[in-house]
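Open the structure in your viewer and keep the selection tool at hand. Each stop below tells you what to select and what is there.

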Amino acid sequence: MAEVINGKLVGEEVVAKVKEATASLLEDGGAQPGLAVVIVGEDPASQVYVNSKSRKAKECGFHSEQHTLPAETSEADLLGLVEKLNADPAIHGILVQLPLPAQIDSAKVIQAIAAEKDVDGFNFTNVGKIGVGELDSAFVPCTPAGCMILVERVHGKDLSGLTAVVIGRSNIVGKPMANLLLAANCTVTIAHSRTRDLATLARTADILVAAVGRPEIVKGDWVKPGATVIDVGINRVVSAEGEKARLVGDVAFAEASENAGAITPVPGGVGPMTIAMLMANTLASAYRASGKPSPQF
Ligand SMILES: Nc1nc2c(c(=O)[nH]1)N[C@@H](CN(C=O)c1ccc(C(=O)N[C@@H](CCC(=O)O)C(=O)O)cc1)CN2
C-alpha cells in the first residue's frame, strides 16, 4: 500500500519558511513583498483559488491586492491594469488567474506581465530559462515547482537515472514539469493525447505525473510497482443525479495506491503546494528587488 504524500503538510512547511524569511527581509530593511492577483469573471473554482492566494499572501505578511474584473472586461483594459501593476514598486508578483474569458488573448496578457514580476513563471523569459536549465534566475511555475518538492520528499534531491513519464503537455504544468525532471537527471517522456499505448508507457515510470485533466484516467495497472505517483488533476465529478460534486484527480487513487510506493491525494496533494510555491516565488521576487539572494525551499 502506498505512502500518501501529504501536500497540505509540506505546503504548510514551505509557507512557514516564507513567513520567517519575510520577517527577516523586513528586519533587514527590505521591501514588504507585494502580490497582486487579478481575476476576470465569476468562475467559481477560480474564485476559490484567488481567494486562497490572497489569504495566504496576507498570512505570510505580504502586501496583498486582489483585482476582480467583470467577465466582459476588454483585453485592452486588462492589459492596462497589468501595465499599471508592472510599474507599481509596491508589487513584486503579478498573476492573472487562468482561464480568462474568450474575448481576451491569454497569451498576450501573460507576456505583458514583466518577467521579473511573473511569479507564475509563464512568461517567455522564465519559460526559456527553464528550458535551458537556468533555474536559479527564473520563476518556476508554481504547480511543477511544488510537484518537485513532493518528489524530493520521497526520493531525495538526486533523481539521477530514474525514469519519469509526464502525462500532459500543457504550458503551465506538463512541459515545465518535464524540464524540471530532466534538470534533475531523470530520463523523461512526455505523453499526450496522440500517444499510443499510454498504459504500457506509464508502467515504465519510476515517477508518474498525471496532468491531463481527465478524471481517474490513470488506472491501478498503469502504475509500476513501487512508483511515485504525482496527481495534478483537479476534476469535479458528480456520480449520481443531484449528488454534490466531489473532487477527484487524474489518477484512480484507490487502485493506484495498491501498486504505487508513494502517491499524492486529491484534494490535499499538489493543490496546496501550488499556493505555497506562489508565496515562495513572490518572496524571491521581493528579495531580488532588495538586492538579496532569495532563500531556497
Ligand atoms: N494564473 C494561474 N492560473 C491557474 C493556475 C496557476 O498556477 N496560475 N493553476 C490552476 C489552479 N490553481 C491555481 O490557480 C489551483 C488549483 C487547486 C488548488 C488547491 O489548493 N486545490 C485544493 C482543493 C481546493 C479545490 O480545488 O476546491 C487541493 O487540491 O487540495 C490551488 C490552486 C489553474 N489556473
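Start with C147. Its sulfur is 11 Å from the closest cysteine sulfur, in C142, too far for a bond. A disulfide here is a pair of cysteine sulfur atoms within 2.5 Å. By that rule the count is zero disulfides.

Before moving on, note that this is a predicted model, with residues numbered from 1 along each chain as its sequence is written. Local features need pLDDT of at least 70, side-chain atom pairs count only at pLDDT 80 or more, totals for chains, interfaces and linings use all residues, and side-chain values use heavy atoms, with hydrogens and water left out.

Are they buried or exposed? C147 has 0% relative accessibility and counts as buried. C142, at 5%, also counts as buried. Buried means under 20% relative accessible area, exposed over 50%, and partly exposed in between (1.4 Å probe, protein chains only).

Next, select β5 (163–167). Helices (H or I, at least four residues) and strands (E, at least two) are DSSP runs, numbered from the N terminus. Four of the five residues of β5 are buried, so the strand is largely enclosed by the rest of the structure.

Look for I167, whose bridge partner in β6 is A191. Now trace the chain from β5 through α7 to β6: this β-α-β crossover is right-handed. That is, with the strands pointing away from the viewer, the path from the first strand over the helix to the second runs clockwise.

β5 pairs with β7 in the parallel sense over four bridges. A164 stands opposite I207 in β7.

Now select L181. Which residues does L181 touch? Not counting residues up to four places away in sequence, they are M148, L159, A164, V166, C186, V188, I207 and V209. Contact means heavy atoms within 4.5 Å.

Finish with the largest nonpolar core, which has 56 residues. Such a core is a set of buried Ala, Val, Leu, Ile, Met, Phe, Trp, Tyr and Cys residues joined through side-chain atoms within 4.5 Å. L159, L181, I207, I230 and M279 have the most contacts inside it. α10 gives the largest share, 12 residues. Domain 1 (31–128) and domain 2 (141–271) both contribute, so this core lies between them; the domain bounds come from an automatic or database assignment.

Key: Two strands pair if DSSP finds at least two bridges between them.
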